[in-house]
Every structure is written in C-alpha cells, then in structure tokens.
Amino acid sequence: MFEDIPVDVSPMNEGERIRSANMFVELAGPKSIGAELVQVEESVEDGKIEVIGPELNEMKQGEIFPFGIKIQIQGENLEKELEGVIERRTHELCNYVHGFMHLNQRDQIWCRVSTEAIESDFKLEHLGKALSILFKEEFTLIESIAVTLFTEEDQVKSFLNLAKEQYIQRDARSRELSDEDVDVFYGCLMCQSFAPTHMCVVTPDRTALCGAINWFDCRAASKMDPDGPIFEMEKGEVLDSEKGEYSNVNETIAEKSQGTTERVYVHGVFDYPHTSCGCFEAVAFYIPELDGIGVVDREFRGETPLGIPFSSMAGQCSGGKQVEGFTGLSLEYMRSPKFLQADGAYGRIIWMPNEMKQSLQEFIPEELWDKIPTEEDATSIQDIEQYLIDHQHPIVDRFLKPEDEIEEDGTQVEGEETKHEEPSNITVTTAPEISMPASGGVKIIFKNAKIYAEKVIIKRK
Ligand code: SF4
Ligand SMILES: [Zn+2]
C-alpha cells in the first residue's frame, strides 16, 4: 500500500523525535507560521496530492519554511461536524511516517524532517500520499480525499487566514450550550498514546485542552465510531456544580486512567484539577505568594512570574499527571462563562501575556480589564503585587490582612503580621530532618519541587 513511499509508514514510528542534530528542515513551528485544516466538501478529486511551494529537495539543510496541510474530504455520510475530530488525527497519522515529526494542532503545528528521510529521497508529496491512505483507512466514511501541502509564504498566509476563520466558526458553535443543558459529556483518549493515564473530559463549557475538540465534535465522533477514542459518558450525580464534579465522570476517569486519577474538577486548579497530557494551548498556574492564578500560552516565549518559561512549566504538569495548582487548558475555555469558576474566574487571574489578553478582550469582564497585568506591566512577584495594589485588583482583598491599609497614593502599609496568608487549600509538606556528614559534603537534587519557606538560614561553619 505504501510501496511508492521511500520511508516506513506505521504506528511504530509514532514516538520518533527529530532533534536539531538529525534535522534536515523545520516546517511551521515557533519560528514560522503554519496550520492544518480538514474540510468536508461535496466533490473532491480522489488521490490528488499537490505541493505548492518548494519541495524538500529544493530546500537546504537547517532552513525553516512556513507550512500548511489542507485535507479535503468527501463522503456521503460525512458531516461538517466531524472536521475537527478528523483534523485532530493529522498529528498522529503524520507521525506514522518515519523521518517526519508533527507536534501540536491547528495553527500551532510544528514539523521536522530528518536528514535520514532526505537521504532516502523522501518528499512532501510522499507525506501527502501517506496521509491520503491513512485517513481513508482510519475513517471509512471518507470516500475521496485530496491533500495539499503549502510551503510558499504567501500561500501559507492565505491558507492560515482561511483556517483561522474555520476554527473561529467551530469554536463559536460550542458557546451555544452550557454544562447544565446536557446529560452527557465526552471522554477523549486520543492522547493516551503518549500520556497513558490521561483522559480529557469535554463538556459544553470546557472545550478540550488541545483546543481542537469541542462537545459538538465529540458528539459527532462518538456517533460515527462508538468504539473509538472519543466516547459518551453520562454525567451522573452532580457532586459540585461550581467546581464541575460529577460522579460518573470520576468513575470513568478512574477506570480509564487505571486508577491514577480518581476525581476531577472540570472548572478549577485546586485539589483535583483536570489532568494535562501535553498538547494544551495554555496552562493556568497558581501563584502562592499572591494567592492568585496566572495563565500562559504556548506562544509566549518569555518567563512567567514563576521564573520559568511555558516550556518548563509544560514539562512539569504534562504526561497525564494531576498536579495541584496547575491545569492545561484551551484558549476557547477562557472564553467560557465557567472558566475556572471554582477559583473565582477572571477575578482570580493576576497575570497573563499581553497578546493573549488582547485576544480575550470580549471575554474578560470590563471591570477587570485594567487590573490584570501582562509582561508589559510586570513579571516579578513584587512588581505584580504593586500593580495589583495600584489598580485595586479584587485579589488584593485576599492577600492583604485586615490590619493592612492602603494609603491614598496606593502604597501599602503592612500590618504586624506577614501579609500573605498561607494558601489553605495547598498541602504543605515538611521535609524530614537531614543530618549532614561531617566532611565531603552532600548534593541535594530536587526534581519537580516547589519549596516555600518562611525563612532560610545558611551559615558558614
Ligand atoms: S488533548 Fe484531549 S481532547 Fe485533544 S486529542 Fe488529546 S485527549 Fe483528545
Ligand atoms: Zn493531548
């Protein structure tokens, strides 16, 4: 079936990572632009593969090109609602191709081609061919398929605009319903190939954290393939509507995570937050010093108030782990009226990147707009604190003790006690006493550790 393709195509290649040392070129990704889009159309020329722009043999080692993957499909029983779910499989299916690496989704894609693949004379045309075969195999409803791959900048730009319009339309649809309006939610296990205990809970108010799948998409997908990775689950008893905890969601996640996660709050970051596989568009993170929550998205390259960039934070809370104080989420979820409602919604948000903030202008309550700082206002805890006080962010009531006062000029006068209360809902573990050997010294390595101390004393002997 894949005889015309000079590299191996199989699920075995899925875990392949192409690092800079064995990379020939990079396509899309953080240093360029790109997108992927699946479109259901009435008539499609089956098997048509087109590369618009330079092919791999016209590129030089180390170059970066913009990249677009457009997949047109036709089938009597194919509904437009299936586009999102079918499109989400592009990631997995591209990775079946040995020597080609695909990360993320939608307009966040990031691809690489290995030098080994180039030596075998692999071309983008072959990627298109492999995708057309794999998609038809995976989705029997597809009767005809055409794949267009763009590498020419202007073409990618106009394709990207088209794709963004489609994403906006799909996302807007999810806002028609609320969690209360339905009896069933959906579970998605697609990311278990690399995060074996992770299950996404998709509700009308919480679009999946990859941002590519909403409740309507799941409904269509589970109807099309009831035994597939997306399945319907009854909500069961509402245990806490504010936090978004449901008896049957808990039972299902316990089963699907092999007992690793037993409870989940769909709308909060504390206690039992939604687990994160790794493809989240953004991460919400607790800032204990100010008892508030920050959010950072994949696009942001700088340091967050926790002193680490998005990439390090993503590493700490991905893999399907339930890490209290952190949750991966989609940008669409930030447009939901239930966005982190268990924790105080936008009233608890005390930092986010400027670009993200601008994109959410319609959704951030007007009275909070000027009160939430971005990297342009502050990034250190002290500066954020001052900004929040100066702009009278409602969080200030939480972290200032009653005996603290704010002078008319906005400066804060501390009360007798320390002004930050210890967050009540975060478990604080006390380290056991360690006795140091008299000579030779010790090396202590903390991995994934967060240490809060009232005082640290280091004395010279
Ligand atoms: S991130 Fe969640 S919803 Fe998206 S593909 Fe993975 S498991 Fe499914
Ligand atoms: Zn994922």
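Predicted model: local features only at pLDDT ≥ 70, side-chain atom pairs only at ≥ 80, totals over all residues.
I started at ligand 1 and listed what sits around it: R88, C188, M190, C191, C200, A208, L209, C210, A212, I213, C277 and C279. To make that list, a residue's C-beta atom, placed from the backbone, has to lie within 6 Å of the ligand.

Residues are numbered from 1 along each chain as its sequence is written, and chains are lettered from A and ligands numbered from 1 in the order in which they are written.

Next I sorted the shell around ligand 1 by class and got 11 nonpolar, no polar and 1 charged residues. Here Ala, Val, Leu, Ile, Met, Phe, Trp, Tyr, Cys and Pro count as nonpolar, Asp, Glu, Lys and Arg as charged, and the others, Gly among them, as polar.

Then I looked up strand β8, residues 144-150. Strands are DSSP runs of E, at least two residues long, and helices are runs of H or I with at least four, numbered from the N terminus. Buried means 20 or more other C-beta atoms within 10 Å of a residue's own.

I checked the partners of β8 too; strands pair if DSSP finds at least two bridges between them. β3 (residues 49-52) runs parallel to β8 with 4 bridges, and E50 faces T148 there. β5 (residues 67-74) is antiparallel to β8 over 7 bridges, with Q74 opposite S144.

Last, the whole protein: 11 helices and 19 strands, and 42% of its 461 residues are buried.

Definitions and conventions
Buried ≥ 20, exposed ≤ 12 C-beta atoms within 10 Å, placed from the backbone.
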